[in-house]
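Q: I want to learn how to read a model of this kind, feature by feature. Please take me through it.

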Amino acid sequence: MSHAQAVPASPLKQWWLKWRFHLNILLILVPLGFMPKYFSDAKLFRGDAGLGANVISGIQAGPYTLDLAELRDEAPREDGPAGHFKSFSASLCKACMKDVKAVYLRIGKPRSLRAAGTLFFGAPYRMGTNLPIPPRTKPDAQIWITLEGWDGSMHQASVPLAQASPATVAWLEKQGGKK
């Protein structure tokens with residue numbers, strides 16, 4: 001009677017049997033390293049962290065008042081061929097929430113309501129928009145806020161870009177007028 005000899009395990013199998021526990025622990029620990037950023041982003045988007053960075057309170061546009069903030073204190077993000085965008089959030093005053101139909105944001109003074117800029121979306125106490133930042137924007141540019149009332153009225157206010165988003169101004173100066 002012949003006995004079948006056991007084939008020795010391959011080096012890969014031996015390595016797996018020895019290290020599988022440690023690799024599984026690593027699979028649990030690596031995502032934990034990303035949890036603080038996840039929770040800070042969730043807090044920001046829920047509104048628990050306020051409107052964002054560099055909040056400008058009490059901007060008066062006609063009879064309406066709003067607060068404006070950049071969502072994060074960082075340079076504009078590139079979005080493919082569309083260019084660079086900067087996220088802003090805004091909040092209308094409680095008294096004017098029912099009277100304002102739309103809020104727009106734009107770099108440079110709009111010529112008309114048709115060219116008012118990007119539209120804010122969301123609840124009136126926490127609206128958001130992504131503002132396109134043209135590469136040739138001057139660091140001393142103004143951000144224009146246009147509010148359209150339900151009665152058809154249009155009110156505007158401007159804020160220096162340097163006050164609304166110092167990170168964007170630093171990014172523009174670093175770009176140096178590149179196309």
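Q: Which side chains does R77 meet in a salt bridge?
A: Side chains of opposite charge can pair when their charged atoms come close. The cut-off here is a Lys or Arg side-chain nitrogen within 4 Å of an Asp or Glu carboxyl oxygen. R77 pairs with E74, at 2.7 Å from N to O. R77 is partly exposed because its relative accessibility is 47%. E74, at 28%, is partly exposed too. For these labels, buried means under 20% relative accessible area, exposed means over 50%, and partly exposed lies in between (1.4 Å probe, protein chains only).

Q: What should I know about the model and its numbering before going on?
A: This is a predicted model, where local features need pLDDT of at least 70 and side-chain atom pairs count only at pLDDT 80 or more, while totals for chains, interfaces and linings use all residues. Residues are numbered from 1 along each chain as its sequence is written, and side-chain values use heavy atoms, with hydrogens and water left out.

Q: How many salt bridges does a search of the whole structure find?
A: The search finds three. One of them joins E70 and K86, with the closest N and O atoms 2.9 Å apart. E70 is in strand 2 and K86 in strand 4, so the pair ties together parts 16 residues apart in sequence. Strands here are DSSP runs of E with at least two residues; helices are runs of H or I with at least four; both are numbered from the N terminus. E70 and K86 are both buried.

Q: What is the distance between the closest N and O atoms of E148 and K101?
A: The salt bridge of E148 with K101 has them 3.9 Å apart. This pair links distant parts of the chain: E148 sits in strand 9 and K101 in strand 5 (residues 100-107), 47 residues apart. E148 is buried because its relative accessibility is 12%. K101, at 46%, is partly exposed.

Q: What is the strand order in the open sheet of four strands?
A: Start with pairing: two strands pair if DSSP finds at least two bridges between them. The order is 6-5-9-10, with antiparallel pairing. Strand 6 (118-119) and strand 10 (154-160) are the edges, each pairing on one side only. Strand 9 (residues 142-149) runs antiparallel to strand 10, and seven bridges join them.

Q: Which residue takes a positive phi in the hairpin of strand 1 and strand 2?
A: It is G62, with phi near 65 degrees. The hairpin has two residues between its strands. Strand 1 and strand 2 (residues 64-70) pair antiparallel over five bridges. Q60 has T65 in strand 2 as its bridge partner.

Q: Is A53 buried or exposed?
A: In a regular strand the side chains alternate between the two faces of the sheet. A53 belongs to strand 1 (residues 53-61). A53 is buried, since its relative accessible area is 18%. Beyond four places in sequence, A53 touches A69, E70, L71, R72 and D73 (contact: heavy atoms within 4.5 Å).

Q: Which backbone oxygen does the side chain of S91 reach?
A: First the cut-off: a polar contact is a pair of N or O atoms within 3.5 Å; within protein, one must be able to donate a hydrogen and the other to accept it, and sequence-adjacent residues count only if both atoms are side-chain atoms. The S91 side chain reaches the backbone oxygen of Y125 at 3.2 Å. S91 lies in strand 4. S91 counts as buried because its relative accessibility is 14%.

Q: Where is G83 found?
A: G83 is in the loop between strand 3 (77-78) and strand 4 (84-92). G83 is partly exposed, as its relative accessible area is 21%. G83 and P135 are 52 residues apart in sequence, with 8.2 Å between their C-alpha atoms. G83 touches R77 and E78, leaving out residues up to four places away in sequence.
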